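I opened the model to look up a few backbone and packing details. My entries follow.

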Amino acid sequence: MNDGDVSRQIQQMVAFIRQEAEEKANEISVSAEEEFNIQKMQIVDWDKKKIKQDYDRKLKQVEVKKKIEYSMQLNASRITFLQAQDDVVVAMKEAARKELLNVSSNRKTYKDLIQSLVVQSLLKLNEPSVVLRCREIDLTLVESVIEEAKRSYVTKSKLSAPKINIDRNVFLPPPPSNKDPNRPSCSGGVVLASQDGKIVFENTLDTRLDVIYRNKLPTVWISVHFRY
């Protein structure tokens with residue numbers, strides 16, 4: 001083999017090696033580009049997910065904040081409504097309490113009422129001997145109805161008349177006064193107790209108003225609710 005043949009073979013080998021190197025370089029370039037695109041898509045997808053997560057989190061925070069604000073406003077409205085409702089109910093009760101003062105101003109009506117209250121108390125206690133307390137200003141009136149109250153009790157209960165001891169040392173509080181509205185007061189009525197003091201039946205006008213108030217409170221609330 002002469003020098004020319006050797007030179008051609010060397011050139012062919014160099015060309016072959018160069019071609020393989022170029023093809024390999026192309027493969028590496030293509031593979032690198034594919035890998036880059038894959039990683040790029042993964043990064044883009046991850047960023048999208050992160051952005052969506054951040055958006056969802058912030059949206060949820062806004063929704064939670066709105067719910068909290070709505071709940072606070074609703075509670076505030078309820079408190080305002082309940083306070084207004086309570087003010088109306090209390091005002092109605094106070095108006096009724098003031099009307100009680102008119103009851104004792106009519107002596108004939110009040111005398112009949114005191115007698116009925118004494119009889120009712122005797123029937124409730126059903127004791128052979130009782131202690132009766134009243135307002136000091138009602139003492140004479142109470143004394144005037146005792147015997148008739150006993151007779152009424154006997155008729156209703158079919159029992160013997162009880163002994164009624166009027167307490168002339170301890171009286172119920174006086175009527176309400178505008179001069180001193182905070183002092184203890186009583187709009188009228190009586191309080192009876194067993195002789196040993198273990199059983200007490202309060203039958204004052206204020207107590208009866210409180211009982212009616214408690215019993216009628218749901219009805220009053222409903223009325224106020226529809227009124228407002």
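I started with the contacts of Arg135, taking contact as heavy atoms within 4.5 Å. Leaving out residues up to four places away in sequence, Arg135 touches Ser104, Tyr110, Phe171, Leu172, Pro173, Pro174, Pro175, Cys186, Ser187 and Gly188. I placed Arg135 in the loop between β1 (129-133) and α3 (139-157). Helices (H or I, at least four residues) and strands (E, at least two) are DSSP runs, numbered from the N terminus. Arg135 counts as buried because its relative accessible area is 2%. The classes are buried under 20% relative accessible area, exposed over 50% and partly exposed in between (1.4 Å probe, protein chains only).

I noted that this is a predicted model, where local features need pLDDT of at least 70, side-chain atom pairs count only at pLDDT 80 or more, and totals for chains, interfaces and linings use all residues. Residues are numbered from 1 along each chain as its sequence is written, and side-chain values use heavy atoms, with hydrogens and water left out.

Next I looked up positive phi values. Asn126, not a glycine, has a positive phi near 55°. Asn126 sits in the loop between α2 (107-125) and β1, and is partly exposed at 46% relative accessible area. Lys158, also not a glycine, has a positive phi near 60°. I found Lys158 in the loop between α3 and β2 (163-166). Lys158 is exposed, at 69% relative accessibility.

Last, the hairpin. Strands β3 (residues 189-194) and β4 (residues 200-204) run antiparallel, joined by five bridges. Strands pair if DSSP finds at least two bridges between them. Ala193 has Val200 of β4 as its bridge partner. Five residues lie between the strands, and Gly197 in this hairpin takes a positive phi near 80°.
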